[in-house]
There are 4 protein chains.
Amino acid sequence: MPQTTKAIVIHAARDLRIEDVPIADIGAGEVRLRLATGGVCGSDLHYYNHGGFGAIRLREPMVLGHEVSAYVTELGLGVDGLQVGQLVAVSPSRPCGNCRYCAEGLQNQCLNMRFYGSAMPFPHIQGAFRQDLVAMASQCVPADGLTAGEAAMAEPLAVTLHATRRAGDILGKRVLVTGCGPIGALSILSARRAGAAEIVATDLSDFTLALAKTVGADRTINTAKDPEALAEYSANKGYFDVLFECSGAAPALSAGIMAMRPRGVIMQLGLGGDMSLPMMAITAKELDLRGSFRFHSEFATGVGLMQKGLIDVKPLITHTLPLDRAVEAFTVASDRAVAMKAQIAF
Amino acid sequence: MPQTTKAIVIHAARDLRIEDVPIADIGAGEVRLRLATGGVCGSDLHYYNHGGFGAIRLREPMVLGHEVSAYVTELGLGVDGLQVGQLVAVSPSRPCGNCRYCAEGLQNQCLNMRFYGSAMPFPHIQGAFRQDLVAMASQCVPADGLTAGEAAMAEPLAVTLHATRRAGDILGKRVLVTGCGPIGALSILSARRAGAAEIVATDLSDFTLALAKTVGADRTINTAKDPEALAEYSANKGYFDVLFECSGAAPALSAGIMAMRPRGVIMQLGLGGDMSLPMMAITAKELDLRGSFRFHSEFATGVGLMQKGLIDVKPLITHTLPLDRAVEAFTVASDRAVAMKAQIAF
Amino acid sequence: MPQTTKAIVIHAARDLRIEDVPIADIGAGEVRLRLATGGVCGSDLHYYNHGGFGAIRLREPMVLGHEVSAYVTELGLGVDGLQVGQLVAVSPSRPCGNCRYCAEGLQNQCLNMRFYGSAMPFPHIQGAFRQDLVAMASQCVPADGLTAGEAAMAEPLAVTLHATRRAGDILGKRVLVTGCGPIGALSILSARRAGAAEIVATDLSDFTLALAKTVGADRTINTAKDPEALAEYSANKGYFDVLFECSGAAPALSAGIMAMRPRGVIMQLGLGGDMSLPMMAITAKELDLRGSFRFHSEFATGVGLMQKGLIDVKPLITHTLPLDRAVEAFTVASDRAVAMKAQIAF
Amino acid sequence: MPQTTKAIVIHAARDLRIEDVPIADIGAGEVRLRLATGGVCGSDLHYYNHGGFGAIRLREPMVLGHEVSAYVTELGLGVDGLQVGQLVAVSPSRPCGNCRYCAEGLQNQCLNMRFYGSAMPFPHIQGAFRQDLVAMASQCVPADGLTAGEAAMAEPLAVTLHATRRAGDILGKRVLVTGCGPIGALSILSARRAGAAEIVATDLSDFTLALAKTVGADRTINTAKDPEALAEYSANKGYFDVLFECSGAAPALSAGIMAMRPRGVIMQLGLGGDMSLPMMAITAKELDLRGSFRFHSEFATGVGLMQKGLIDVKPLITHTLPLDRAVEAFTVASDRAVAMKAQIAF
């Protein structure tokens, strides 16, 4: 058995390398995996393009990646429910199970979270973009019947299912989605699955808006070209019941706030820094602005919904490149004019 | 203009007549309608087969019917948003708008409700199975793009959308439906639209269970033939997250209670008399048994979801008979071995 | 009967006059009232000190006042449930009862609201600071057993009860209150009544903080003198379950956000303009920032709680001045170093 | 150090003995306790009077008791936050921390619960009525400032706080409590703490009703003497917003159902067998019947509320007897005509 495996390692902004890293031992309750597919996420791109975001900065080399599917190659002691050869979606979320928030069932708020590919604590939490990966069996959800690419979409899909669940009643409601990258597009799929009657989506890129329409948006607005279109919805205190804010941009959130009807619910998924918000509108219309961050049980939920054909993410996978073209995958993923989700085939 | 119109009038159990009744004047805010289609509901069948149910008894002749679609033939003063010739779904719900519950937005609990075809107050509230009908414009939801039969399904669909909305989070959940008449079958459609991942349905009729599968049940159980099948789900405190109880039968509810996981939600739609329930299971598993009755805003919601193709009720309309065969429609609708929803074309 | 009555009229910033205004006729369903007590509210002070706030500006003379109690002097046709001579708390909220939001039970979001003493539409909605006032009987809640001053506190108390109800589960929870003017102090009373276990309050004035302690705060922090004290609560992702933000000041809200535990609920009562907020903390901790505006059913709720002795607002009434010293009442009410609630005895 | 300690052991119905049982070793994370006070609970009485309840039967001798306070006498390895000599309330709830429900934060629904003094699994879970008790430190909540008797009330108080929290919005609401034993009386205290405006309580015993009034009921009804009094509340669809059903008796629950207003919430705390319920009223009024069972975080919450003086349970402790009169304590506790809560001083 080889002693090393290939991994995608970020050293600094724009310094991404395919390197040999040591393979790990397998312990009880763990499985050894051969990576199938890895999706490039916005946070991966922040490390690649900027070396971090906000106060979170790279301080040592880090294996990237947290959207992965894999084939099981070996079962550790005591593992059941999985089989060698099986395709699995691998959750990057590893809560401690013991802190106050884990005990409350809020595992995504774990005080000791070790989420794949995060520079937040130091030493950094190494990621999953490596051909040979050892994971806990509990991270692995059987993905029989899915393509490896679909299975690798389980992670971002879980993010939007988590937000959709937290948004409350969506059945028959009017939904606005601001920002149509992968999270925005998956929010459209999730909201439609939860019964949204009308979905309007905004972005600055015609390419992503066309895909938004493909996956279910009733209307799309390019706010770069048509900056006033959303304002139509502000009459009589506003129109939308639910907003999925996926851009992390203050102008999108502010425009969304003005378009919300009283008591509307805003799910904030987009990550951004400080933003200036129209607080008078939030207060007087009694809006409900809720942060939404990662996921927990929704990871398995998403795999199940894809397996049943109840959510179809395939149109969103616009690029699949082999491992040796990983840098190219990061480059293309950074360009919203041509890419939605770029994946790497390991 | 004629002075009378044909109506379907119940005089007593098994005494259903097609009679001439006076046409009504049209007032401000009202519309005159030519009935298109009327669906036969379980409560209509109770009047037809038994002259009432429980303490509610027929005491005078009553026009039946509350699931209707119609074409607009005349607009009263001040009506806008509707056009002559347009197909509309007609809501049978006429809350007063002024009582305590209307003021709280609980119009379906109105203290002065005048719901079509109800023997509850006396004089009875006359129903909508009449060729010429005058209704408030606010009862009419434009149904362009739907068939008259679909539009007449808006009422029972609203009942299940109301229950689904009240059930809370269904996205990715396990749902049990007990009783697969029209309300059970529409609950399957509504639950799937709201994101249910797995749906198991029970009934005593193979005919209705086959249709339940057509509209989305993952598994069906004929509890007459396989009385122990549901008990499989009781291990480890239970399996299902949500139960739509649509039979109104105590054995179905009790079996469902045992199959629910802790904190599961039971929506009781089926109407029945006193029932003996396993209260220890309800208490110890902290189940949540919620009555669900009629609807309000969900009437328009359902029309919209059908128009968008997000819910398809057509497979459930098994019989359509002309007005002069109305008695036959009531007879066939009473037989669950051959009929799901029987409608009358006016 | 006299043809005019004395009223407190604002003409422009710092131009407040006691004038004779015409008395109104009494209609069916209305009552004539002799004003007892009127409380000076923050919005009254904005008109007095600045001629308005934000985009809302005085454009014509306006009777001020919306926190009032009164004695019934005459009953209009059809009024029952009230008696001549009875003390009543008078709700300044007059929703239309017919718009979309009224029909949903969200009367405080009425599209056609006529709230006493508001310059928002033009002509302005005249206020209640007038010795002879005609109101709808439905605005009047019997206040037997209360002092006139207490009854005049029903309005701001309703504001905080509305926010408390919307905050969800408070029983046994940790509560932070930022800004301890009358709304902050009443939030302390409301949160304690709803079962808050621990209440920390912040302000810039020692005077108001001392009163905050009197009405139930466990700890008070003068953030002018001790700007770092609140930061202690930020460790391990934060401490408080619920925040009542009553200052309308961005620094208070931002400091509060950092002190909230994950999934904490922030009720925004304070009115302010655009604010720059730490959105990363809101998103990553999945905070829930909810606007809270005015009230509806909580007006009568508050009167009842005061009558039962379950909430005691008397310590908050720091000044009571006669009508001819109304200008002085506005001046003292503007000074947080010496006044909590200033009232005018009519 | 002695090898045995005195314990209260039930052998069969009416066969209660004070016996010597082996003392336990203390392990890491554990504490040794000298029992202070133990309250006699309804389930203890079922074992004493009937040898069990429903399908749950004594099959071997079992130490009774799960409402206890104690003094810390020894700290196991790694224990901090507790001190020798300190009074603690000891939670009898020992969830596994690993099952599906523990992971969801529903520890009271743990699949592997080891709750003190339960005959449900076999071998039975031994209880806490023993002078020397070894417990996990995590079961112990410091109770400084409370009497030992108050601290022993933390367990039943937690039961009612759990139900109150699950009942949702109670602030300013009308509450009915059926059954005024200790759980009913503590429900009154909990509901009032959560802001109930009006509380009506029913029972068959004037003694318990007098205490119900002492702790906050506005009105009490002896349904044995005045069986029609509750029916007054049924007009116009009903009156109460929330019902705490603490009797476990079908007539009480049924009468309560008729007195509830539409959308009212019924918390079922009383344990009973199968009950015949008026399902038509539940369905048509859309009532919400929720089981409530045990507690989790509310144990510490209750201790805190008592320490702050926000809940006063002392009036409910009607009898305190020494260990050698334990049998007498069980006898008196069985008689609702003279006892509310009987406790044993160890």
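The same surface serves both copies, as 100% of the contact residues of chain A recur in chain B; contact means heavy atoms within 4.5 Å.

I record the basis of these entries: the model is predicted, local features need pLDDT of at least 70, side-chain atom pairs count only at pLDDT 80 or more, and totals for chains, interfaces and linings use all residues. Residues are numbered from 1 along each chain as its sequence is written, chains are lettered from A and ligands numbered from 1 in the order in which they are written, and side-chain values use heavy atoms, with hydrogens and water left out.

**Chain A and chain C: the axis**

I next looked up chain C. A rotation of 180° with 0.0 Å of shift along its axis superposes chain A on chain C, with an RMSD of 0.0 Å. That is the relation of a two-fold axis. Here 98% of the contact residues of chain A recur in chain C, so that the same surface serves both copies.

**Chain A and chain C: the interface**

I find 45 residues of chain A in contact with 44 residues of chain C. The buried area is about 3,700 Å², and carbon and sulfur atoms give 51% of it; this is the accessible area (1.4 Å probe) that two parts lose on being put together, summed over both.

Which side chain of chain C does A:Arg261 meet in a salt bridge? The partner is C:Glu104, at 2.8 Å, N to O. The rule (a side-chain nitrogen of Lys or Arg within 4 Å of a carboxyl oxygen of Asp or Glu) finds six salt bridges across this interface. Several elements of chain A each supply at least two residues of the side that touches chain C, among them α4 (154–167) and β15 (260–268). Helices (H or I, at least four residues) and strands (E, at least two) are DSSP runs, numbered from the N terminus.

**Strand β16**

I find that β16(A) pairs with strand β16 (residues 274–278) of chain C in the antiparallel sense, over five bridges; pairing requires that DSSP find at least two bridges between two strands. A:Ser276 stands opposite C:Ser276 in β16(C). Of the residues of chain A, A:Ser276 also comes closest to the rotation axis that relates chain A to chain C, at 1.9 Å (C-alpha).

Definitions and conventions: Least-squares fit on C-alpha atoms with pLDDT ≥ 70 in both.
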